[in-house]
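Welcome! Here are a few notes to read alongside the structure, taking its cavities and then its salt bridges.

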Amino acid sequence: MVYVQGLGWADQSVGLILTLSGAILLIILSSSVDGQLCPTRPVHIFNFGDSNSDTGGLAAGLGYSVNPPNGRTFFRSSTGRLSDGRLVIDLLCQSLNVSLLSPYLDSLAGSNFSNGAGGCRNFAVVGSSTMPKRVPFSLSIQVTQFIHFKATAAAGSKHLINDEGFRKALYMIDIGQNDLSDSFTKDLSYVQVTERIPSVIEEIKSAVKALYDQGGRNFWIHNTGPLGCLPQKLSLVEKKDLDPYGCLLSYNAAARSFNEALLHLCNEMRSELKDAVIVYVDIYAIKYDLIANSTKYGFSTPLMACCGNGGPPYNFNARGLCGQPGSRVCDEGSRFVSWDGIHYTETANTIVASKILSTNYSTPRIPFDFFCCS
């Protein structure tokens, strides 16, 4: 992966990156400082989260269709991802030279889980949250699915991962956005929304501890992005309290409160779980920068969805969601941060991934390839 020269250059010349072909971009994301790929020791990644990292779990778990034009850029067809192309986690996996994620429920039907294969296994599903915790596919249910998978491996299947593989695996968690979003949707006040945050944090703590008890020692935890900058939220809120960039102040304040509590939790668990590596990544800062400095990155309309219904300023209408009858899609997704009013375009995801790989937004500043190159 590129940490200094390559990613420093990416921040200064993002316009050039946006014009690169997918093949060249993959080389950038996959190369180390000296141009070598990670050593051959396989890395296993288990991801838990919501639609920001769902690579087809909604279709696999509930049979829902994610229609075109989703997936139109990289995949040329819909893969169940809510984007025009790759998600951040896809790009992170590619930086380690491992395969793109497949949903856990899909992968049961034939994917190779052997220790020699390496790869990413994804439990994330669209709409997931931490609470209520006993409904599909909450964070606690996703962890339960993982425990079931691990028990299957212990039963002796020759294609599954052994205890050493589980110990050295990377466990990624990216969840919490829907908990905040649902609270605002229920017309709770800002104070009431923030009062629910400790319960959300407690569920994330329980998930980490459950994974730790199963042998997990490496954790990569994303905070939540600027909720108040999503076209969906901006279109639905009638009385808007906007910041200088056009984002909802109260929604973003709640996201920051959640992130402060999550950072505190990570610091606390780092002290408590002495042999664990816990990396906290400030996704909020990365994504807010895309909005605040949109022209720097080549985005012309940072608060408007590329695919949706309703036209400017937000192009979001719940009666014409992306891929449904009545929706329309822009010609150039590379000019948009938002794909469908909630999720990001591949272009925006590529910039987010490059900044994650820089380690500038990580606490502690451990590189992503630490988990396969150490």
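1. A word on classes before we look inside: Ala, Val, Leu, Ile, Met, Phe, Trp, Tyr, Cys and Pro count as nonpolar, Asp, Glu, Lys and Arg as charged, and the others, Gly among them, as polar. Please keep in mind, too, that this is a predicted model.

2. There are five cavities of 30 Å³ or more, and the largest cavity holds about 160 Å³ of space. Its lining is made up of 17 residues, with Asn52, Ser53, Val88, Asp174 and Lys287 closest to the centre. Sorted by class, the lining has eight nonpolar, seven polar and two charged residues.

3. Which elements give two or more residues to this lining? They are helix 5 (88-95), strand 4 (170-174), helix 14 (283-292) and helix 15 (346-357). Helix 5 provides the largest share, three residues.

4. Turning to salt bridges, the whole structure has nine. One of them joins Asp90 to Arg81, at 2.7 Å from N to O. Asp90 is buried at 0% relative accessibility, and Arg81 is buried at 5%.

5. Glu346 and Arg86 form a salt bridge too, with their closest N and O atoms 3.1 Å apart. Glu346 sits in helix 15 and Arg86 in the loop between helix 4 (57-62) and helix 5, so the pair ties together parts 260 residues apart in sequence. Glu346 counts as buried at 12% relative accessibility, as does Arg86 at 1%.

6. Asp275 meets Arg217 in a salt bridge of 2.9 Å between the closest N and O atoms. Is Asp275 buried, partly exposed or exposed? At 45% relative accessibility, Asp275 is partly exposed.

Methods:
Residues are numbered from 1 along each chain as its sequence is written. This is a predicted model: local features need pLDDT of at least 70, side-chain atom pairs count only at pLDDT 80 or more; totals for chains, interfaces and linings use all residues. Side-chain values use heavy atoms; hydrogens and water are left out. On a 1 Å grid over the protein atoms alone, a cavity is a set of points where a 1.4 Å probe fits but cannot get out, and a pocket is an open set with protein on both sides within 12 Å along at least five of seven lines; lining residues have an atom within 4 Å of a point. Grid points are joined across faces, edges and corners, and a volume is the space filled by probe spheres set on the points. Helices (H or I, at least four residues) and strands (E, at least two) are DSSP runs, numbered from the N terminus. A salt bridge is a side-chain nitrogen of Lys or Arg within 4 Å of a carboxyl oxygen of Asp or Glu. Buried means under 20% relative accessible area, exposed over 50%, partly exposed in between (1.4 Å probe, protein chains only).
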